Number of protein chains: 2
Amino acid sequence: MKRFLDKGWQDSMRITFDFNNMMFESLGEQGFKWEQIEELDPVLKRAAASMEAKRKAGGMAWRELPYNQGEIVQDIINTAEEIKSKFDNFVVLGIGGSALGPIAVQQALNHIYYNELPKEKRGGYPRLYVVDNVDPERMEGLFDIIDLEKTVFNVITKSGSTSETMAQFLIITSLLKDRLGENYKDHIIATTDKEKGNLIKIAKEEGLKTYYIPDGVGGRFSELCPVGLLAAAACGINIEELLAGAAYMDDIVSQRDPYKNPAYMAATLQYLAMETGKNISVIMPYADSLKYMADWYAQLCAESLGKRFDTEGNEVFVGQTPVKALGVTDQHSQIQLYTEGPFDKVVTFLGVGNYRAEMKISEGYEDIPAVSFLGGHTMNQLIHAEQLATEYALLKAGRLNNTITLPEVNAFTLGQLLYFFEVQTAFAGELLNIDAFDQPGVEEGKNATYALLGRPGYQDKKAELDARPKKKDRYII
Amino acid sequence: MKRFLDKGWQDSMRITFDFNNMMFESLGEQGFKWEQIEELDPVLKRAAASMEAKRKAGGMAWRELPYNQGEIVQDIINTAEEIKSKFDNFVVLGIGGSALGPIAVQQALNHIYYNELPKEKRGGYPRLYVVDNVDPERMEGLFDIIDLEKTVFNVITKSGSTSETMAQFLIITSLLKDRLGENYKDHIIATTDKEKGNLIKIAKEEGLKTYYIPDGVGGRFSELCPVGLLAAAACGINIEELLAGAAYMDDIVSQRDPYKNPAYMAATLQYLAMETGKNISVIMPYADSLKYMADWYAQLCAESLGKRFDTEGNEVFVGQTPVKALGVTDQHSQIQLYTEGPFDKVVTFLGVGNYRAEMKISEGYEDIPAVSFLGGHTMNQLIHAEQLATEYALLKAGRLNNTITLPEVNAFTLGQLLYFFEVQTAFAGELLNIDAFDQPGVEEGKNATYALLGRPGYQDKKAELDARPKKKDRYII
């Protein structure tokens with residue numbers, strides 16, 4: 001039996017949320033009292049009811065992704081096998097939600113130096129590159145290391161009008177056509193909306209292999225649809241287990257009772273923190289494998305909760321600023337500030353129960369006790385001790401912190417974690433009474449870019465830009 | 001003549017600081033008025049005088065690094081050539097200041113996929129790995145991709161008691177001794193204090209090749225001493241040009257007049273921002289090459305300026321939280337928050353005049369204007385337009401922002417940038433009246449780690465840890 005179908009194994013892999021160090025009993029006056037949460041009871045009940053109502057009405061399509069993709073998953077798995085047999089490189093052309101999930105999942109579940117391994121040590125699967133910028137140096141650099149004829153490109157944009165992605169698409173299709181003629185089509189897979197937008201139009205006209213981003217699944221909530229699943233499967237990741245983990249977490253975070261629902265509780269505590277001016281949310285994984293989960297979360301948090309207006313149109317200017325840190329590395333960079341600086345943040349540790357490797361620290365230098373005490377321990381013990389020590393240092397300094405622990409990093413626990421954060425974020429949106437699913441604040445920059453590049457229809461915006469205050473020379477030194 | 005000695009070329013490569021969008025004239029009421037800076041005049045004069053006095057008294061040894069390393073630089077260059085002839089991999093064992101600088105400089109100045117290039121495309125220089133964590137999965141992963149016999153390890157720790165680095169050192173020396181016997185020595189270079197600590201003791205006893213970290217040069221100010229120079233030279237970077245850039249910037253940022261001194265002005269504006277509650281400092285390079293400069297700056301800023309006490313012992317709990325973003329990538333992740341969220345941050349763009357590559361966007365799809373308008377432009381134009389558009393979006397939303405522009409990313413401009421940020425940070429320390437060069441807040445976590453691993457002498461700390469409040473089960477869900 002596949003392990004992810006075994007209930008006993010599933011329960012042994014349940015991730016946990018420890019918020020002791022958010023509370024008065026541990027932290028003292030900087031912590032929250034139980035009564036503060038109880039006082040929120042009506043708010044929490046209303047938010048939970050709203051979550052359920054929206055889901056029932058089909059307004060949270062991303063929540064159904066663990067359940068309604070049976071055929072698509074099979075198609076993706078078949079495609080992945082075909083890719084494996086034909087290609088050495090799988091390149092994602094995408095940005096934001098089309099890039100951060102694929103990067104995070106790859107880093108978590110494959111070898112940490114995956115692209116540098118010889119093919120046989122990658123199980124025969126292709127290397128993965130995610131090109132989520134339009135830096136010409138990086139784009140040129142990519143062509144130095146990939147052979148176009150052995151590369152498949154997955155262009156991902158829901159709207160088909162993402163400038164960065166479509167610019168990459170133009171460059172790549174032109175290169176492929178020059179090199180391969182009509183066969184260029186075999187090297188491009190489009191992931192986009194089923195009906196709307198430019199990319200689906202192009203894909204249909206040219207007969208490209210296409211996956212769809214379901215209605216109601218926005219970029220930052222799209223990792224568990226083909227956006228993330230194809231890249232993962234193409235690199236040998238078990239996407240059925242990933243989805244099973246998400247489904248397992250759905251059971252847990254669908255509970256109305258916030259005292260049993262870790263996603264609701266996490267959102268509630270961040271909400272309380274924001275009310276007392278803690279407007280910075282640090283995510284600090286103690287594992288290199290989870291490093292880019294912090295990046296994925298940073299988008300989810302910032303775009304969903306950073307809002308000017310509430311749902312009634314009042315100006316609120318809310319939103320914690322997500323900060324990415326890495327344990328133990330950033331103990332030597334950020335912890336000084338976190339323990340001694342302003343009381344303006346909440347630190348969320350991502351801990352790991354069992355690492356997938358054990359590394360013994362060799363004994364030696366018995367005449368130097370400050371070195372030799374390390375010998376005989378494992379790096380596993382060292383990293384665990386450092387996480388605990390950092391938690392303790394924050395506690396002693398009166399700093400809010402909490403810990404999410406994955407028994408192990410695998411597809412099942414990662415699926416849980418993705419789903420956990422998504423529900424936490426949506427629930428936080430309810431508490432803040434904002435729309436967690438739009439991003440009106442990015443329009444200004446997009447439109448200004450269009451105007452600067454002379455896109456038809458943006459002449460007015462160009463005129464507006466030209467009329468902005470001239471820069472003063474004395475303010476440039 | 002070497003280009004970095006030519007005054008005309010140097011001046012064409014001068015980096016600039018544009019703070020128009022910090023000021024009232026551009027930003028309106030969220031901006032600062034010129035009089036606010038003028039009112040600070042006595043404070044600025046005092047801070048400038050203190051900077052000069054400290055430097056004269058030898059209290060800022062890091063400021064002399066561009067000038068006093070002639071022989072060392074030659075030795076490093078010779079060693080780099082020897083390394084090139086013998087090794088395929090150069091591995092830094094270090095953390096914090098010993099790692100972030102080497103990573104940032106490598107990313108900026110070498111090919112973006114350097115480690116994946118074949119040796120001849122790397123100019124024959126070795127690959128670079130910086131192992132700045134004690135994650136057992138990452139350590140084991142490293143051994144899958146390097147051949148120990150073709151690898152040289154540069155162990156870097158000033159104190160010789162950094163647990164993470166010494167644990168790595170114990171593992172590596174043991175492996176090397178098993179494999180190579182007495183020849184293991186040829187595979188280790190130590191960079192540490194000249195006299196104090198465990199590593200220099202070991203290095204002397206075992207006869208390891210050693211570089212010294214000068215007195216008075218703390219970890220986060222050490223990139224321009226052998227800590228950073230050896231790794232850079234070993235990968236073919238022109239470290240003389242790097243130091244020349246730092247010296248060039250020293251002239252600029254030694255001026256007393258803050259209206260001519262960009263580092264002083266930058267610090268002054270951040271200081272004013274902090275006074276009005278803008279406690280988040282975002283660094284947003286518009287170049288993948290500068291991505292890890294944001295990480296290096298994040299340590300410099302957080303450890304230097306995140307302080308509980310001022311120099312008179314008053315509790316102040318100051319410090320901006322540095323946030324790393326990447327343009328254009330994070331426009332699709334963070335800009336929603338930056339334009340619509342709380343007025344709690346300053347965004348510093350790092351722009352690039354000329355990228356070292358040009359990438360033309362191919363024309364096509366004339367029937368789809370929303371795509372075809374991109375064709376015929378270059379990615380260079382696109383990334384420049386997006387930077388300008390984002391700056392404009394922030395301006396329109398009344399958000400403080402400023403821009404540092406490098407005419408090009410090269411060793412000379414990077415040397416300038418490193419030195420600029422160091423002086424800005426030291427000057428900010430003067431304005432805040434704190435010690436920018438200590439890090440007392442990291443001791444608690446270090447000591448707790450020692451206690452948890454049973455280091456002799458830490459029994460009391462262990463007892464203290466054991467006596468901490470027990471966690472409540474109901475706060476773990």
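How many residues does the contact take from chain A and from chain B? In this predicted model, the contact takes 129 residues from chain A and 129 residues from chain B. On the side of chain A that touches chain B, helix 16 (residues 379–396) of chain A gives the largest share, 13 residues. By class, that side of chain A holds 60 nonpolar, 39 polar and 30 charged residues.

Chain A also contains an open sheet of 5 strands. The strand order is 1-12-11-7-10, and the pairing is mixed. Strand 1 (16–18) and strand 10 (321–324) of chain A stand at the edges. Each has a single partner strand, so one side of each lacks a neighbour in the sheet. From one strand to the next, the twist averages 20 degrees. Helix 16 of chain A packs on this sheet and touches strand 11 (345–354) and strand 12 of chain A. The direction of helix 16 makes about 155 degrees with that of strand 11 of chain A. Strand 1 and strand 12 (residues 401–408) of chain A run antiparallel and are joined by 3 bridges. Here A:Asp18 stands opposite A:Thr403 in strand 12 of chain A.

A helix pair was also examined. The axes of helix 12 (residues 262–275) and helix 17 (residues 411–432) of chain A come within 8 Å and cross at roughly 45 degrees. Helix 12 of chain A is therefore oblique to helix 17 of chain A. The crossing is right-handed. Residues in the contact include A:Tyr264 and A:Tyr271 of helix 12 of chain A, and A:Phe420 and A:Phe427 of helix 17 of chain A. By class, this helix contact has 12 nonpolar, 3 polar and no charged residues.

Conventions
Residues numbered from 1 in each chain as written. Chains lettered and ligands numbered in written order. Predicted model: local features only at pLDDT ≥ 70, side-chain atom pairs only at ≥ 80, totals over all residues. Axes fitted to C-alpha atoms, helices over the stretch in contact; angles between N-to-C directions. Helix = DSSP H or I, 4+ residues; strand = E, 2+ residues; numbered from the N terminus. Parallel < 35°, antiparallel > 145°, perpendicular 65-115°, else oblique. Left-handed = near helix turned anticlockwise from the far one by under 90°. Contact = placed C-beta atoms within 7 Å. Nonpolar A, V, L, I, M, F, W, Y, C, P; charged D, E, K, R; others polar. Pairing = 2+ DSSP bridges.
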